[in-house]
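User: Please take a close look at one helix pair in this model. Then set it in its surroundings, and keep it brisk.

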Amino acid sequence: MRINCLALDHQILPIEVREKIVFSHDQAIQFLTEFRHRYQIEDVLLISTCNRTELYILANNSHEGFGILNSILQTWQTDRDFRVPIQCAAIHSHGASVRRLMRIAAGLESQIIGESEVLGQVRMAKDLSDKAGATGKVMIRLWEKALRCGKRVRSETRLGDGALSVAYGALWIARKIHGSLKGLSFGIIGAGEISELVLKNLDTIKDKKLRILNRSPERAELLAERFGGIAGSLDELAVTIQESDVVVCSTGSQIPLIKKDELSTVLKERKRSLLLIDLGVPRDIEPDCGNLPQVFLNNLDDLARLIEENLDERRSAIPEALEIVDHEAHRFELWLNGLRSEPALKALRKAMEDACQFELELLKDEVDQETHEKLLVLLPRLVKRVLHKPTEDLRAQGGDLEPRFLKQLEALFQMEDRPESEDSA
Amino acid sequence: MLTVLYGVILAGERRILTGEHRGSGAIGNWILGTTSLHLLALVMRGVQVGACPVASQWDSLSLLAWCIAVLQILLVKFSGDRSTLIYSFSLVFLLQIGSASFTLRVSETSERIIDSLTSVHAFSALIGVAGVAIAGIHGALWMLLRNSIKNGRFGFLFKRLSSLEEIARLNRISTGIAATALTMTLLTSLFLNRTYSEFQQPDVVVTMILWGIFGCLTLFPRSTGSVIATRAWFSLLGFCGVVFIIGWIALFGFHAQ
């Protein structure tokens, strides 16, 4: 039993190509159902997100797995009109596939290293396989191990720590000043793309008060309607500053909108700390505003520095995360190897137990009832003890053993089931 | 042994802060066990001297260390924020090392047994000094974090401390504890028939100044940014007073002796 995967991700394909091979949930279920019927494979997992489309399958051997995945790749290339530059790089061998799924769940293969959304996407992949009836025992086990690996990496290392976007960084600073963001007032000056990104990040905060100002109030109204808040024009800037705990500025203005003198006049009436985030280039807030005692002013460079420090911290956690991936992959391999040698082990155990049973039957008339009962207990325990070490060894070496050896072992202890002619031969 | 145990706590907290280990946020059994053992040692010493154990430098510094540890633990329990625990426990560790460097005198020697009222006076004074010390630590951390955000330097303190709001709250609570305990110290001193010259001793003068400062800080409203900054500065000043008192105790012993 070998796991192989076809991996088409952001590392080998640009976004123009990746968007051609994205599967919607319905498409994924349909594909998995057809795949299962066509190749008679029960263990299939399809992860399809904006960054990757990856297909994991369980084949009888690597040769079969590579063949199937190659034919799938050819079909996709023809149907969806794209070319993978180096085709063999897209299909991975057994060990690499197992590690790959775990690395994905851990966020090590993500564009933004350590991001946590991928865990949900891996979870969703199993739901899709469930709906297509393509969740075999092995793939479920691999999926469970991958999720466990992802959770361990996030809880035991710093791979998922810190902010990695300007908008999230701004909120992180706000948290460091005000503690919780719940119930705070936010002023968003400007209604461009960056403001929209900040608003998306603010969307999860409960009980917030939001005021969006823009030179042209129409655009501000659109955003206010979408994210829930009050729209206004730049004339309301002073009131907004006075009422807000966090003000994020991102306009295309060529001159500063917020000046120190005006700000100090506005803040005379105000007692709480104010965080000003200037995301505009050229800057929207005069740098001197940061000298006012209750004002914290951070610009794009500050946030870039924060993100860079967090990235460094995340990168430094990679070796630790890889150790966890290796550990979980090793445990999965042990389990899978055990699965390969299971029929042979079952046959071995059954042959020993049958032999004991046979000898016990013979002894039945020669010993008293009490001794017979003791032997009934003793012999199975003896079989267990004798077979314990060979069982452990066979399970551990299952992957390295020749399939022929396992078949022979299985056949050796099932002699009575084999046809007469074969026995005599 | 207590010094070693506090050292182990510090090492554990350092591992949590540097991310080698993820702390749960709750106070662990090791910390509770160490402070309980410390309390047991102090109670045994109290039984030995028959009063609040401030009979020697060892007693006084060790009791002060225990007061700081317990106050900090209570703050963590109350706020759920253990990001400042390591700083207070560093002071506890230093005080424990300080106390361990003095010989524990045997009770048959010239120790003065103090009465119950003096015991309350001494104990409340140490609680007050512990409160000032913790307020000072939180004040310093608040200022460092504030400067770090203002200057756009997002280093260790920015990442590891909770938030300005939370640290200011802990500073305010410890200021209140210090003011209350020091008020009790002054009230008890009125019944102790102290002479005028005793009130002129430097450690007493500094304690009274601390009481004055922290009493005023407790009465101030909390909401304005400038008040928080002022409180942080005065807390730091208070901490300097604590350093002086610790030095005085180390050199001349507790004046209640």
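Analyst: **A helix pair in chain B**

Helix α7 (residues 164-190) of chain B and helix α9 (residues 202-219) of chain B have axes that come within 8 Å and cross at roughly 135°. (Axes are lines fitted to C-alpha atoms over the stretch in contact; angles run from 0 to 180 degrees between N-to-C directions. Helices are DSSP runs of H or I, at least four residues, and strands are E runs of at least two, numbered from the N terminus.) The model is predicted: local features need pLDDT of at least 70, side-chain atom pairs need 80 or more, and totals for chains, interfaces and linings use all residues. Residues count from 1 along each chain as its sequence is written, and chains are lettered from A, ligands numbered from 1, in the order written.

α7(B) and α9(B) are therefore oblique to each other (under 35 degrees is roughly parallel, over 145 roughly antiparallel, 65 to 115 roughly perpendicular, the rest oblique). Their crossing is left-handed (the near helix is turned anticlockwise from the far one by less than a right angle; clockwise is right-handed).

Who touches whom? On the α7(B) side are T175(B), G176(B), A178(B), A179(B), L182(B), T183(B), T185(B) and L186(B). They meet T207(B), L210(B), W211(B), F214(B), G215(B), L217(B) and T218(B) of α9(B). (Contact means C-beta atoms, placed from the backbone, within 7 Å.) This contact holds eight nonpolar residues, seven polar and no charged. (Ala, Val, Leu, Ile, Met, Phe, Trp, Tyr, Cys and Pro are nonpolar; Asp, Glu, Lys and Arg charged; the others, Gly among them, polar.)

α7(B) also takes part in the chain contact. That contact uses 16 residues from chain B and 21 residues from chain A. On the chain B side, α5, α7 and α10 (225-252) each give two or more residues. This side has five nonpolar, seven polar and four charged residues.

Next, the cores. The largest nonpolar core has 104 residues. (A core is a set of buried Ala, Val, Leu, Ile, Met, Phe, Trp, Tyr and Cys joined through C-beta atoms within 7 Å; buried means 20 or more other C-beta atoms within 10 Å, exposed 12 or fewer, partly exposed in between.) L276(A) and I68(B) have the most contacts inside this core. Helix α5 (residues 116-150) of chain B gives the largest share, 16 residues. Beyond its neighbours within four places in sequence, I68(B) touches S88(B), L91(B), V92(B), A130(B), A133(B) and I134(B). A second, separate core has 50 residues, including F332(A).

Helix α4 (residues 94-106) and helix α13 (residues 318-363) of chain A pack at about 135°, axes 9 Å apart. They are therefore oblique to each other. Here the crossing is right-handed. V98(A), R99(A), M102(A), R103(A) and A106(A) of α4(A) meet A321(A), V325(A), E328(A), A329(A) and F332(A) of α13(A). The classes are seven nonpolar, no polar and three charged.

Chain A as a whole comes to 16 helices and 10 strands. Of its 425 residues, 36% count as buried. L376(A) sits in helix α14 (residues 369-397) of chain A. L376(A) is exposed, because 12 other C-beta atoms lie within 10 Å. F405(A), in helix α15 (residues 403-412) of chain A, is partly exposed, with 13 such atoms within 10 Å.

Conventions
Contact = placed C-beta atoms within 7 Å.
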